[in-house]
Structures are given as structure tokens and as C-alpha cells.
Amino acid sequence: MDTALELDHVTRTYGRGPHAVHALHGLNARLYAHSLSAVMGPSGSGKSTFLQCAAGLDRPTSGTVRLAGREVSAMRERELTRLRRERIGFVFQSFNLLPTLTAQENVLLPLRLDGKRRDPVRARRMLARVGLEGRADARPGELSGGQQQRVAIARALITEPDIVFADEPTGALDKDTAADVLGLLRESVSAYGATVVVVTHDPAVAARADRVLRLADGRLAEETARVPA
Amino acid sequence: MSLFSTTGLAAASVKARPSAFVGTFAALVFSATVVTACVAIAVSAGGVPASADQAVMSDMGVAFSLLTVYLSIFVIGQVMSLAVAQRRRESALLRAVGAGPWQIRRMVATEALCTALLALPVGYGLGALLAQVWFDGMAGQGMVPDGMALRVGLPSLFAAFGVLFVSSQLGGLIAAWRASRTRPSAVLAGSQVQGGERPGWIRGLASLVFLAGAAALTAAAEAGSAEDAASEVPLVLLAYLVAIGLAGPWIGRLATVVAAPLLRGFGGAAGELAVAGCRARSRRLSAAITPIALVTAFAVAKFVSLTGTGDPEWMDVFGTLLYAGFAGLVAANTLVMLTLERLREFSLLRTVGADKRQVVAVVVAEGAITALAGVGAGVLAACAVMVPLGGKTGTPVSGLPGWAWAATLFCGAVLVWTASCAPLARMLRVRPIEGVVRRSS
């Protein structure tokens, strides 16, 4: 199995002296390509910091982060921006889409920011893949919460990134819609070979993940891999 | 319960939103400064024996004092209601946990009063300086009556306090009334575009009525005597500006349509985002368009009428600066606020792969549209008044040199760009994921 993401002795400390907070405390973790991983843990266990550091949005105080073989922790701001644009997709709990753009324009945004030409066919194909045929011209305000998450997933996948980070993607959805969205993430892994890392509280997500990492106090507390059926 | 029993909440809210506080504070300081100076001149002129010079000076002081009071109430009301609108979500949350509308009103009123008390000494000090500069300027022109000395004292201080108190409480009331009507369920509204509601037809109709009224007034003034025409210019201009204020969303859309081909063609992704943003938020933008149009229209009309007088009089210059100062303040404050409320949007753009320059480019491109709409509408209004009436009063529009037009356009654009980009440096330091997750700035 290829390694998609590797964290090696990653420490992240906020503040100094007696008030310092060790959000990550020598975390070692490895996530594999073409799989769905869930990162779980109670509040304050370092989940958010893990996400920030892994995605190159925050620099670890010490240790290294490697994404698809490249050392993210050593990159400069400009390289990181390019990395986000070309190699990483994001899905958040809510406010994933620019309310002023249509679904199609939102999906194309990463490509447009990269200076690529508008490609409506590609966007429509991607929207169809997430089950939103015919909604390309809808604005986020006209879509349900579940549909908005689907658009967000389409946007995250359109660049064919090395890895998609999803931060509580089902947190704002009801049970059935959450199951749908989770199914879509699962499918993008099994059918299209994407690599998805979900940071979540939701045990339902963990139940369908290939691998579950549990964090506690900024360390890896437990790692379980699903036995292939 | 005492007036100050909610101070905890008010103080916490000021701490959490320094930018909203700064806007209100700046408006209050500006008002206090001008009131202090105007009252000082009026009082000082009132204390010397009657003469022609004395009468002019005294009338001028009183006229400016009244004008300032009126403008202060308008401006502070505007600035505060924007500051309160910004925390709709928080008000809704407070309402949801059981705060009554009156508790929210009292919180806003307390906040307004505290800000006014902080602004008073600063404004008073600056006002004393301004009065001195004004007085020296008039003395240089030989307009100061014999034996008059400038006295900035208690009358100025009391007047400034009175204006700040009344206008901050009135402004707070207007603002709080809006906030307290917030339905608790509004907490959940997340994906809607703020200010994206379609403007109603009543608003459009009212705009047309004012436009027709302004045209009728112009025709009437054209038929009357030259002196009447000169004195009616401000009134006609005001009618046009009310029409512009009402038509703001449509003007914004028109400017977007005009600028769209250029921005789409040369602005790349940032240009496209700016066009989409301006189109969707035209109602929000109209809050910035109106004051920019106001300052532009009055400045152009004043410049044109000054071409007739060989030596511009102090009173004219001061009056124009006063208008421009107030309107510019409102415009700048509105633009800062409009940028600030977009932290989540900018953060989202950055997680999707926009670099900081692209975010700045979006704001600059939107600023170009705003400036085009505001300055364009203002110039049109001024021309609509001065083309027919300017010839009559002996100051045709053609008398205004090209550099004056260029300077007006330049100042408008610089005001818009500076104010809308001012908060960006701080906003771009927020880590993108945090910015997306954060509920308000």
C-alpha cells in the first residue's frame, strides 16, 4: 500500500512557558492511499491541529509531515498554496461553498484559481457523479444541506487530488443525509481510487472507514484497520 | 436595575469586535471635533460688538453648528446600524437564549454611551485645534471682526457632549430596533448571501418619483431668477441623491454589467469572482454607493460653482470639506464593514487554493465596480444639476478644468480601495480553516 500522508514525531505547541498548550505531542501516524481513514478523538485531543498540520495550513513546532512523498512542513507559503490548489481537497462541516457562485462555478473554482480554462463539461460530469445532474446552475441557497455537501465533495475531487480532508462533513446533517454523504465519500474511494481522511466524532463514519486513528492528548492512542471481507 | 447592569455584555461585545467599535468611535470623534469648532466660532463671534463682519461670522458659526448636528445624527445612526447589523447572528443567539428585545436595546445603548464618553475628550481636543486653524485662516483673509478672540470653552464642550449623547442614543435606538427584531431562528441561516435580497418594486418606484421630482425642481429653477437657481442647487442635488440612494442596488448591477467584460477578460478568476460577488450582493453594495455618490456630487457641484468666484471663500471651502468629511467617513466605514463580514468567504477561497494576492485582487476588482457606481452616479447627479443651472448662475460645467474631474475620480477610487482593503492584512493572517469555521469576525 502506498503511503499518502506520513506524520513523523509531529509536535505543535501554542504559546510559551507555563501556559503552553501541547496540541500535538510527538504524533506518529501513517495514512494510506486509495483508502478512507477516520481520525477520531474527544475535543482537545488534537484532531483540528492534526488537520491543520497535515494540510499545510499550520506548521508543526517540530517533526515532519510528508504528503505524497513531499515534505509539507518545509514548504514556503507560495508552495503551500499551490499544494492546496493542486493536491489537496477540503470538505467542511458547513459553509463549503461561495454563496455568490452557482454549483458549477463552485466546482470549477480550484481550477479557475489555478488559471485553467473554464470547463463546464468536466464540472457537469463531476456533479453528475455526486448525484446532482441538472442542478449545475443552482446557487447554494437553493440547495439542501446534503446537496451542498455533495457539491463540496465534487469540488474537492475535481482536481484529482492526492488527498481529500473532510472536517466533520456529516456534522450538520440528519442521519439519512449523513449516510448518503458518507456513502459518496466511500464510493469515491472504492470506485475512483481517491484518498479520503475524515476528522470526525461520528461513530458511523468510523464504522465504514478502512482505518481508524484515535487521538488522545495529542498522541496516537489506538489504530484499527478493518479486516477486508 | 441600573443602566449599567448590562455593561458586562456591552464591554465584551466591544472587545470581540474592535473594528465595529473603531467605526463608531471615529464617527463620534469626527462629530465632536466639528461641533466643538463650529460652536467655538459662533460663541466667540457672538461675544464682540455688532458689525457686518461680526454678523457674517456669527451666522456662519450657527449655520455650521446646526448642519453638523444634523449630519452627526444621520452619520452616527448609519454607522451604528451597520455595526449592529454585523452581529445579527449574535443578537439572534441572545434572543434564542431568552434575552428580550429591550435587553438588546439597552446593551446597544450602553455601548453607544460608553463609546461617546471615550470619544468626547478626543474630539474636543481636535476641535480646539480645528477652530484655531479655521480662525487663523479667516484672520488671514481679513474677515475677523475687530477685537474678536477665539475662545474654546465650556459651551463647546457641552454642545459636543449634547450632540454625541443625543446622536449616539438615537443612532443606537435605530440600530437596536433593527437588531431586536431579529428572529431567533435567524441563527440557522448560514448559506444565504447577506444583502442579496431582491430590492422591492416600491423602492424602485420611490426612486423614480424622486428622480422626476429632481427633474421638475431643475426645470423650475431654470425658469426662475439666477439667484434663486444658485440657492436651489443643493436642494435639487439632494433630491437626486435620495433617488440614487433608493436606486443603489440597480446602479450597482448596472456598474457590474458595464465592468464585467473588462474584469472577466483581464481579471482572471479574481475578476470573475468580483463580478459574481457584486451581482449577488448588489443591495449590500448600495450602502457604500450612496455616500460615495453623495461626496462626489457635492464636491463636483461645489467645484463648478467655485469657478465663478475668483477667490474661493473660506466658508465655501470649509462647508465642502465638512460634507466631504462626513460622507467620506460613512463610505469608508461601510466599506471596511463590508470587507470584514467576509472572513469566512476569503478563508474558504484560500483553502480551495487562492493565494493572498488573489483574495486582494478580488477586493480590488470589486472596489473598482463600487467606485464606478458611486463616483459615476455622483458625477451624473452633479451634471444633471449643473448643466442646466450652471450656465444660468454664470458657472457653466465646462469651466471646470480637466484636472479637477480627474482628481475627483482619483479620490473616489482611492477612498474605495483604501477602505475596502484596510482590514485585509489582519483577515489574511487568520489561518484558513479557522476562518471557515469561525462564525463571525
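Accessible areas come from the Shrake-Rupley method with a 1.4 Å probe, and for residues only the protein chains shown count as cover. This is a predicted model, in which local features need pLDDT of at least 70, side-chain atom pairs count only at pLDDT 80 or more, and totals for chains, interfaces and linings use all residues. Residues are numbered from 1 along each chain as its sequence is written, chains are lettered from A and ligands numbered from 1 in the order in which they are written, and side-chain values use heavy atoms, with hydrogens and water left out.

**View 1. Chain B is built with 16 helices and zero strands.** Helices (H or I, at least four residues) and strands (E, at least two) are DSSP runs, numbered from the N terminus. The accessible surface of chain B is about 19000 Å². Carbon and sulfur atoms supply 70% of that surface. Of the 441 residues in chain B, 50% are buried. Buried means under 20% relative accessible area, exposed over 50%, and partly exposed in between (1.4 Å probe, protein chains only). Among contacts in chain B with a separation of 6 or more, 88% join residues 24 or more positions apart. A contact means heavy atoms within 4.5 Å.

**View 2. Chain A holds seven helices and 10 strands.** Its radius of gyration is 17 Å, close to the 17 Å that the globule rule gives for 229 residues, so chain A is as compact as a globular protein of that length. That radius is taken over C-alpha atoms, and the rule is 2.2 Å times the number of residues to the power 0.38. The C-alpha trace of chain A spans about 55 × 40 × 35 Å along its principal axes. Buried residues make up 54% of chain A. Its accessible surface is about 10200 Å², with 47% belonging to carbon and sulfur atoms.

**View 3. Strand 1 (residues 3–14) and strand 2 (residues 21–32) of chain A run antiparallel.** Nine bridges join them. Strands pair if DSSP finds at least two bridges between them. Tyr14(A) stands opposite Val21(A) in strand 2. The two strands form a hairpin with six residues between them. In the turn, Gly15(A) has a positive phi of about 80°.

**View 4. Strand 9 (residues 211–216) of chain A pairs with strand 3 (residues 36–40) in the parallel sense.** Four bridges link this pair. Val39(A) stands opposite Leu213(A) in strand 9.

**View 5. Strand 9 of chain A also pairs with strand 10 (residues 219–225), in the antiparallel sense.** Six bridges link these strands. Arg214(A) has Glu222(A) in strand 10 as its bridge partner. Two residues lie between the strands of this hairpin. Asp217(A) in the turn has a positive phi of about 50°.
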